[in-house]
Amino acid sequence: MLCITAGAAQAQTTRGPGFDTGVVMSAILVIDSDRFFTNSEYGKRVATDLEAERMRLVQTKRELETELEAEEQRLLELRDVTPADEFSAMVDVFDIRVQRARQSQDETGRVLSQRYERARAEFINEALPILANILAERRAVAVLERGSVFLSADAIDITDEAIRLADAAIGDGSKSE
């Protein structure tokens, strides 16, 4: 409780002659970096782009599944009229094709996830000067991840301000690509 009281005593609102901003001045600020990215115009564009790609992949997967099901049905029809060794070879080829299709789908999922993480990292990198400016304006010494902080006052959360400033400076990021 003593730490909370001491922290509250250090956080001051800038009011007075020339200071009527109502902004809390604190040595420590917090940000929800996930919300910072996902609620920004940049993050929304990335999510929209990746969702469109994911939907294309889902459609491709459905088409491939339909194709494989038809091929499997043809194999079942050939089972009784094809010599066992020849049929076994056909089944082996089919199994390899199914395994490759699954591996391709898994790889595509990983690629989309990597693209999301890369876009998020690029956004954070582009936004660092904005965050540094907030840090300087508030005369703070650190910005911590909100999820890593056990307890804090909402007044030191800069997420909404950072989103607003990033949207103004970076937009949806399509110009930087």
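Is Phe 37 buried or exposed? Phe 37 has 0% relative accessibility, so this residue counts as buried; buried means under 20% relative accessible area, exposed over 50%, and partly exposed in between, with a 1.4 Å probe and protein chains only. The legends below describe a predicted model, in which local features need pLDDT of at least 70 and side-chain atom pairs count only at pLDDT 80 or more, while totals for chains, interfaces and linings use all residues. Residues are numbered from 1 along each chain as its sequence is written, and side-chain values use heavy atoms, with hydrogens and water left out.

**Figure 1. Overview of the protein chain.** The protein chain holds five helices and four strands, which follow the pattern α-β-β-β-α-α-α-β-α along the sequence. Helices (H or I, at least four residues) and strands (E, at least two) are DSSP runs, numbered from the N terminus. Of the 177 residues, 27% count as buried. Among contacts with a separation of 6 or more, 76% are between residues 24 or more positions apart; contact means heavy atoms within 4.5 Å.

Figure 2. A pair of aromatic rings is described by the distance of the centres and the angle of the planes. Rings of Phe, Tyr and Trp (its six-membered ring) pair if their centres lie within 6.5 Å; planes under 30 degrees apart count as stacked, over 60 as edge-to-face and the rest as tilted. The structure holds five aromatic pairs. One of them is the tilted pair of Phe 36 and Phe 123, with 4.9 Å from centre to centre and 55 degrees between the planes. This pair links distant parts of the chain, since Phe 36 is in helix α2 (residues 33-38) and Phe 123 in helix α4, 87 residues apart. Both Phe 36 and Phe 123 are buried. The ring centres of Phe 37 and Tyr 116 are 5.4 Å apart and their planes stand at 75 degrees, so this pair is edge-to-face. Phe 37 lies in helix α2 and Tyr 116 in helix α4, so the pair ties together parts 79 residues apart in sequence. Tyr 116 is partly exposed, with a relative accessible area of 25%. Ring pairs link Phe 36, Phe 37, Tyr 42, Tyr 116 and Phe 123 into a cluster. The charged end of Arg 45 sits over the ring of Tyr 42, 5.3 Å from its centre; the term requires NZ of Lys or CZ of Arg within 6 Å of the ring centre and within 35 degrees of the ring normal.

**Figure 3. The surroundings of Phe 123.** Phe 123 is in helix α4 and has 0% relative accessibility. Leaving aside neighbours within four places in sequence, Phe 123 is in contact with Phe 36, Phe 37, Ser 40, Tyr 42, Ala 166 and Ile 170. The C-alpha atoms of Phe 123 and Asp 172 are 9.6 Å apart, and the two residues are 49 residues apart in sequence.

**Figure 4. The second largest pocket.** A pocket is defined on a 1 Å grid over the protein atoms alone, as an open set of points where a 1.4 Å probe fits, with protein on both sides within 12 Å along at least five of seven lines; lining residues have an atom within 4 Å of a point. About 240 Å³ of space lies in this pocket, a volume being the space filled by probe spheres set on the points, which are joined across faces, edges and corners. The elements that give two or more residues to the lining are α3 (41-78) and α4 (84-137). Six residues, the largest share, come from α4. The lining includes Lys 61, Leu 64, Phe 94 and Arg 102. By class, the lining has five nonpolar, one polar and five charged residues; Ala, Val, Leu, Ile, Met, Phe, Trp, Tyr, Cys and Pro count as nonpolar, Asp, Glu, Lys and Arg as charged, and the others, Gly among them, as polar.

**Figure 5. Glu 71 in helix α3.** Glu 71 lies in helix α3 and, at 18% relative accessibility, counts as buried. Not counting residues up to four places away in sequence, Glu 71 touches Phe 94 and Arg 97.

**Figure 6. Helix α5 and the residue Gly 171.** In helix α5 (residues 159-169), the buried residues include Thr 159, Ile 163 and Ala 166. What covers the buried residues of α5 includes β3 (28-31), α2, α3 and α4. Gly 171 follows α5 and has a positive phi, near 65 degrees.
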